[in-house]
2 protein chains.
Amino acid sequence: MACGEFSLIARYFDRVRRARADVDTGIGDDCALLTVPDKQQLAISTDTLVSGIHFLADIDPADLGYKALAVNLSDLAAMGADPAWLTLALTLPGVDEPWLEAFSDSLFELLNYYDMQLIGGDTTRGPLSMTLGIHGLIPAGRALTRSGAKPGDWIYVTGTLGDSAAGLAVLQQRLTVNDKAARDYLVQRHLRPTPRILQGQGLRDLASSAIDLSDGLASDLGHILTASQCGARIDLEALPLSAALRESVPPAQALGWALSGGEDYELCFTVPELNRGALDVALGHLGVAFTCIGQMCAPSDGLVYTRHGEPVTVDEKGYDHFAAR
Amino acid sequence: MACGEFSLIARYFDRVRRARADVDTGIGDDCALLTVPDKQQLAISTDTLVSGIHFLADIDPADLGYKALAVNLSDLAAMGADPAWLTLALTLPGVDEPWLEAFSDSLFELLNYYDMQLIGGDTTRGPLSMTLGIHGLIPAGRALTRSGAKPGDWIYVTGTLGDSAAGLAVLQQRLTVNDKAARDYLVQRHLRPTPRILQGQGLRDLASSAIDLSDGLASDLGHILTASQCGARIDLEALPLSAALRESVPPAQALGWALSGGEDYELCFTVPELNRGALDVALGHLGVAFTCIGQMCAPSDGLVYTRHGEPVTVDEKGYDHFAAR
């Protein structure tokens, strides 16, 4: 439905580093035509990002181009899928060529890194927003889901938690971090999250369930508990926090952001006891920490936080009412 | 990214008449998981519809639910694909339950008619707009494209042209049609276009190229000419116009809308001489007329309109400067 000056926009997105062999027809016909290789399943996810809601209205377009794709890649990572194709529906208030160039350069850099191809989309005029449709491939029957965890399985997360919420607070001037290295680290963790694609692929035959952390550990782990009909015990002492976060805010704030700050885009996954040794082999060489933070238990237990082995109550801001401060 | 009251919205879309066998995991995990049957290609198209641009802001939500899907189905029809899966990213200014019920009922009615399944999406708050990602299946190598036409191939369209533009003019009170049956027909042609799915499938081994008419014959046929590197001669006398259109507006206006009114969602396709007999067999029983309107020719000829065999000049509003009025 692009017309007039909006057809110019299409030029910024009509580039291919090299055509993927599974793309039979890309941009330029009524539909893209794709071939899913034999014995592979297709994984599809859709996300809409609206200016002022999902990203700051004054965000650098290069950061936006990166992050819009990265958060969608994170959904593929949570299934253990290989990234393949992207559709991009972009709604813009007008044609701003420097903005388009920075946005599209950054998007294509990440697309090319993962050997993905943009196969279609739409450009329309309106308040800034975008909908990405991401398509990945996965060997049949080996996808990670939210529903396979069993009581006794160990709960892990990749990387560190809470950094992104702190970075957002810095950007919104709700938090002052004097140390420049720490401040830059936290802001980058918010603007440039790394999708854990390699970790997801490594977990394919090891993890009993997985999810990516977009809303925060408390909420997202809750989806695994519901889908797997389990409870969980989480050891608050074990939650992985970066040095930058620990040095920048009080412990209660760090804990609150780790549990419910959101936008970490790390993976949370469960591993049966039998697979723990293989896990070290599968993820150990990928350069990103992974930390056991608790254990699945009977559904009647619900979600229990512990400190030194004892249950504690934590409110949604992470304040730990019964522990010593 | 749905949260709070917006999670309520998801309920309106979490319905399945019966699960398709090729949907391994539908709504409810990080991604949907799908299996493309052996020897089938996947056809994917994405369209964004913005309130006030692609549909009237006061449109009946039932008409919107129908049309949003129908125009996407039209892209599948143009490739000859079988409809399969839909993703829906819906941005709404707020939660209006009667609106949601009417919209989703209508959407699901059409989804079910074509045995499709909604496999995912997103609901966000913002100015009313939506992005649909439609996925169809097609026997490998048999898709219709824009690029296969050859000089000498005959050019056809399904149905009648220009009705939708007239219906829009009625809705916007730019056109008065006193005959109620004619008025209702034109308005319905605008609000409830029928995607030519069966025609597209019937054309798989017969047509050398195809496109659906969203912007208007002149513009959309131009895409076939560019992709196929051909010219075309179109006989203006042959353009199929409905009785309702002919009775409601002067001939020049009817011609203008037929050529460039847009939103007809009929198919325009080309057929080699050798396949013309088989065409009657393939499309003749489907209850919708198909009309030969011209012939492909050498690329140097460009797009030529003729009347009684003689070239005429037609401006973009359809006024025919050299013909008798």
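So, A:Ala102: it's partly exposed, because its relative accessibility comes out at 24%, and that label covers the range between buried, under 20% relative accessible area, and exposed, over 50%, with a 1.4 Å probe and protein chains only. A:Ala102 sits in helix α3, residues 97-113 of chain A; helices here are DSSP runs of H or I, at least four residues, strands are E runs of at least two, and both are numbered from the N terminus. Skipping neighbours within four places in sequence, A:Ala102 is in contact with A:Pro61 and A:Ala62, contact being heavy atoms within 4.5 Å.

Quick housekeeping: this is a predicted model, where local features need pLDDT of at least 70 and side-chain atom pairs count only at pLDDT 80 or more, while totals for chains, interfaces and linings use all residues. Residues are numbered from 1 along each chain as written, chains are lettered from A and ligands numbered from 1 in written order, and side-chain values use heavy atoms, without hydrogens or water.

Okay, backbone. Most non-glycine residues have a negative phi. A:Gln173, though, has phi near 60°, in the loop between α4 (163-171) and α5 (180-191) of chain A. A:Gln173 counts as exposed, at 75% relative accessibility. Over in chain B, B:Glu263 also has a positive phi, about 60°, in the loop between α9 (251-260) and β10 (267-271).

Last, the inside. The largest nonpolar core has 68 residues, with B:Phe13 and B:Leu86 among those with the most contacts inside it; such a core is a set of buried Ala, Val, Leu, Ile, Met, Phe, Trp, Tyr and Cys residues joined through side-chain atoms within 4.5 Å. Helix α2 of chain B, residues 61-79, gives the most to this core, with ten residues.
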